[in-house]
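The stops below concern aromatic rings and the charges placed over them.

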Amino acid sequence: MRKDMETVHMRSPEGEVKEVEATTETLTPLMVAGWHQVPAPAANPEPIAQKPAAPAEEEK
Amino acid sequence: MASINELMEGWGFGKQTAIGTANTSGTIWRHTNLTTKPWPKVPMNEDDKAEIGKGHEFPTQLFKSHYNMPPYEISKYASSEFLAWAMCFSLGNVTMTGSGPYTYVIVPALGATNATGLELPYFSFVQQIRPGGSAVLDEMLVGCAVKSWKLSIKNSPGRASAMCSVECVTTGQYTSPSGITLPAVSTPHEFNAGMITALTFNGVNYLSGGSAKQFVSMEASWENNFRPGFFPGSGSQDGYQIQGRFEWGDRAFGVQFVVRVQSGSTEYSNLINLTTGTATFTMARDANNSFSMLIQKMGFSVAELGNTDGIVTLQITGVQLYDATNGLVTMTLITPVTGICQ
């Protein structure tokens, strides 16, 4: 997919969501197969990597 | 008394959330209309004439029956806004992208995968004459749908060379007064036949090459053949039954065009040889306003020799075939208006 290309999110009749180029050539076969436009999914915040708990140092 | 010129009409460019839920003001636009009459409301009464036991054959009582709302035609010069609206509401499966201008890609919805089954999007229609305290007419018809449209292209000057008329139906539900303050009348970006940039039917390019001066006119049409929408629980208004749904029947997509006959014309041979091919029709006003109709597979059923203004012509009736991958037809509109059918 080109970076400067407008894209759109489409959902298949089975529920699969895919981001595709918003061109007539790309959209036509999808829409004919029953895909519909859906809003872009909300961007998920980056998961915060949790550091593994450090083993407590043994008191000397 | 009021002049028909005072009639103001607006309708939803956005879709209703349900058949009985009217458009809000922000999703209604106002346009002019070449149809010079309001949309009439027709409540029907019935009587007991057919019932025996009264001692005579004459009616003795009246009963409220139903709202028999006639179809109403919105007739306009073709524009990017109006064609986008007509195609979205008549075909049903719409994708909108862009941030101004907006691109709409539209194909006919299929009942198996359409979220509303056999029903298309609904819109509200507002008609007003001197709205306010002493309104002559102020009502909003709720639950309207596009029944059919006709796009006509012809060899003539000006806006009349590209016309679109849309036939609408409505349930019978209405609110009066409408409660809507219509916006200023829109100025649509209109097309004319001089703006046609692609005109290729079944392998023949009528804009350039040997066939460049052959084309005379075209008429494309769509018919949803709605089924009657009266059913148990369909609702009532003023004690009259109203329709509660418009489900499409056997839809029909028609294309006819007229071309001048010249030596080597291939229309006859295309018909006889059952040749099929794509058909592309595009009008482009500028980068922000265009309309393209891509028929995926067109063959010819009739090629009738005739005469148009003294020139020998062929009137071709196309047969639009359904392609397993790309369907029947794809409409692509670019227009400055966002939110059409959204």
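Start by selecting Arg245(B) and Phe231(B): the charged end of the arginine sits over the phenylalanine ring, 4.0 Å from the ring centre. A charge counts as sitting over a ring if NZ of Lys or CZ of Arg is within 6 Å of the ring centre and within 35 degrees of the ring normal. This is a predicted model, in which local features need pLDDT of at least 70 and side-chain atom pairs count only at pLDDT 80 or more, while totals for chains, interfaces and linings use all residues. Residues are numbered from 1 along each chain as its sequence is written, chains are lettered from A and ligands numbered from 1 in the order in which they are written, and side-chain values use heavy atoms, leaving out hydrogens and water.

Next, select Lys41(B) with Tyr174(B), where the charged end lies over the ring at 4.4 Å from its centre.

Now turn to ring pairs. Rings of Phe, Tyr and Trp (its six-membered ring) pair if their centres lie within 6.5 Å; planes under 30 degrees apart are stacked, over 60 edge-to-face, and the rest tilted. Over all chains there are 23 aromatic pairs. Select Phe226(B) and Phe246(B): the ring centres are 5.6 Å apart and the planes at 45°, so the pair is tilted. Both Phe226(B) and Phe246(B) are buried (under 20% relative accessible area, with exposed over 50% and partly exposed in between; 1.4 Å probe, protein chains only).

Move to Phe257(B) and Phe300(B), with centres 5.9 Å apart and planes at 65°, so this pair is edge-to-face. Phe257(B) and Phe300(B) are buried.

Finish with the aromatic cluster that includes Trp11(B), Trp39(B), Tyr72(B) and Trp85(B).
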